[in-house]
Structure formats: structure tokens, C-alpha cells
Amino acid sequence: MSFSIHFTHAITRRPAASIVRGLRAVDTGNPDLALMQAHHDTYIATLRETGATVIELPPLENFPDSVFVEDTALCLPQGAVVMRPGAPSRLGEAAEMVPHLRALYGQVVEISGAGSFIEGGDILVTEREILVGRSARTNGAGIAELTALVTPWGHTVREVHTPPGVLHFKTDCSLLDVDTVLSTRRLSASGCFAGYRVIDVAEGEEAAANTIRFNGLVLMPAGFPRTRDTIAAAGFDVREIGNSECAKLDGGMSCLSLRFTPPA
Ligand code: CIR
């Protein structure tokens with residue numbers, strides 16, 4: 001089994017009513033909570049369809065962006081690493097995740113330096129390495145701490161760059177299988193995926209790049225037909241999930257879950 005695409009578990013968190021105060025790069029209006037919840041329900045049902053156990057955590061009103069659980073931790077086969085989100089309003093979300101990780105993992109370690117910042121959205125785990133994008137949320141000290149924590153577990157960390165103006169590294173890419181990455185052209189043009197097979201999203205469909213490969217399925221945001229057809233033609237079983245409300249807050253498929261297989 002490949003640890004980068006096969007998972008027995010996922011953790012999600014229900015969106016809070018405070019989601020209307022969620023962070024966004026450009027204000028295109030507030031998300032509709034009921035519609036977001038409906039999309040979230042479909043997302044969870046799709047993860048469960050693969051046979052995985054999905055742990056649904058309750059909403060956290062004090063943290064408007066807490067539905068985006070991916071940014072709070074990195075879950076690897078050997079242990080979990082608690083992140084230090086670079087957005088001040090999100091820093092406390094990481095501590096909220098700790099007890100849930102401790103219930104599943106023997107080893108839970110934390111990024112702890114006062115000047116270290118790193119969010120899960122900047123981390124792409126492939127079968128051979130962990131790519132971490134420096135961004136407005138993730139700095140060199142955060143990447144250095146992560147490297148020191150996961151190197152003893154046998155992982156290699158490679159620092160890469162997030163395109164200017166893009167929230168997270170993974171806003172612009174995702175893993176489709178152990179050798180294949182879906183990417184925007186502006187990111188793949190940097191050469192950071194040399195050695196991988198790269199499928200570029202269609203021109204004008206950059207928001208389709210954040211998908212997740214979860215067991216036998218690829219979950220992608222609805223509304224990007226040319227990219228959907230390209231992924232399907234490459235042989236993947238694609239499911240489109242409504243993402244209109246999360247997109248207002250720069251969120252997508254990967255942000256909404258932690259995906260992992262806890263140690264036996
Ligand atoms: C934020 O700005 O932090 C949230 N509104 C969106 C987080 C998206 N998370 C992700 O891409 N992993």
C-alpha cells in the first residue's frame with residue numbers, strides 16, 4: 001500500500017457559523033453556511049465510500065477557518081506533526097487538534113519555535129519525498145523544524161516555492177498517483193516536479209489544481225469540465241464536489257481533511 005494515496009482514516013471538522021469571518025485574499029462575498037455544510041456532507045460521504053473511517057469533529061466558533069483542518073497537522077505513517085499556522089487567527093487551531101491525534105498516534109510532535117510557521121496546505125507528501133512550499137504562511141524556520149522532526153522517520157524534505165499571490169503550495173497542485181502530479185502551469189513551469197509525470201490543469205481552470213487522491217478516487221471541485229475530462233481520460237475515477245463556498249475563503253479539497261493511516 002502506498003502511504004501517499006491510501007488511507008484508512010480522515011479527520012474533518014464541521015464548519016462553524018463564524019465561517020463568515022473566515023480569511024480570504026479577495027472578498028467575493030460571505031459563504032453560505034447551509035450550502036457549505038451540504039458540500040461538506042457530500043465530501044465526507046465520498047471519503048467514506050472508499051471504506052475509510054471519517055472522524056467528524058464539532059465546529060469551533062472561536063476559529064472561523066477551522067473547517068480547513070489540513071493546516072493544523074501533518075500525518076505520516078510514523079507519527080503526526082502539529083503545525084504552527086502562520087495566520088495569527090489560526091494559531092490556536094493546531095492545539096485543538098492535538099488530543100484527536102494523540103488518540104490515534106503514539107508519536108505526536110510539534111513545531112514549537114516562536115518564529116517558526118508552517119501550514120499543512122504548503123506540504124505535498126509523495127511516496128518519495130515531502131515537498132514544502134515557502135509561502136506567506138510557511139517560513140524557513142518552520143521548514144527547518146519540520147525537517148528535523150521527520151528526517152529520523154526516514155523522510156526527505158525538499159523546499160520549493162509557492163507562486164506569488166497564491167495562498168498555499170497545494171492551492172496549485174495535488175498528487176494523483178505515486179508518480180503523477182496535477183498542477184497549474186505557473187507552478188509546474190518552475191521545474192519543481194522534475195522526475196514526476198505532470199498533468200497541467202486547463203488554462204483558466206487554475207482553481208481545479210487542488211484535488212485529493214483518496215484511495216480509489218480523485219475528489220475535485222465541481223465546475224472545471226476540461227480538467228475533469230483530462231483527469232478522467234488519464235484513467236482516474238473522478239468525483240466532483242461542490243466547492244463554491246469554500247472557494248470564497250481560498251479553500252479546496254485538500255484543506256478539508258487530514259488523511260492518514262495510524263500505526264497499527
Ligand atoms: C485561510 O486563509 O487560512 C483559509 N481561509 C483557507 C485555508 C485553506 N487551506 C488549505 O489550502 N490547506
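Is F193 buried or exposed, and what is its relative accessible area? In this predicted model, F193 is buried, at a relative accessible area of 3%. The ring of F193 and that of Y196 form an edge-to-face pair, with centres 6.4 Å apart and planes at 85°. Y196, like F193, is buried.

F193 also pairs with F169. The centre-to-centre distance is 6.1 Å and the angle between the planes is 45°, an arrangement classed as tilted. F169 is located in the loop between β8 (157–161) and β9 (173–177), whereas F193 belongs to the loop between α4 (185–188) and β11 (197–200). The pair therefore ties together parts that are 24 residues apart in sequence. F169 is buried, with a relative accessibility of 0%. Through these ring pairs, F169, F193 and Y196 are linked into a cluster. Over the whole structure, the search for aromatic pairs returns four.

The cysteines were examined for disulfides, and the count is zero. For C246, the closest cysteine sulfur is that of C255, at 7.4 Å. A disulfide requires the two sulfur atoms to be within 2.5 Å, so the sulfurs of C246 and C255 are too far apart for a bond.

Conventions:
Residues numbered from 1 in each chain as written. Predicted model: local features only at pLDDT ≥ 70, side-chain atom pairs only at ≥ 80, totals over all residues. Heavy atoms only, no water. Phe/Tyr/Trp six-rings, centres within 6.5 Å; stacked < 30°, edge-to-face > 60°. Helix = DSSP H or I, 4+ residues; strand = E, 2+ residues; numbered from the N terminus. Buried < 20%, exposed > 50% of the residue type's maximum accessible area, 1.4 Å probe, protein only.
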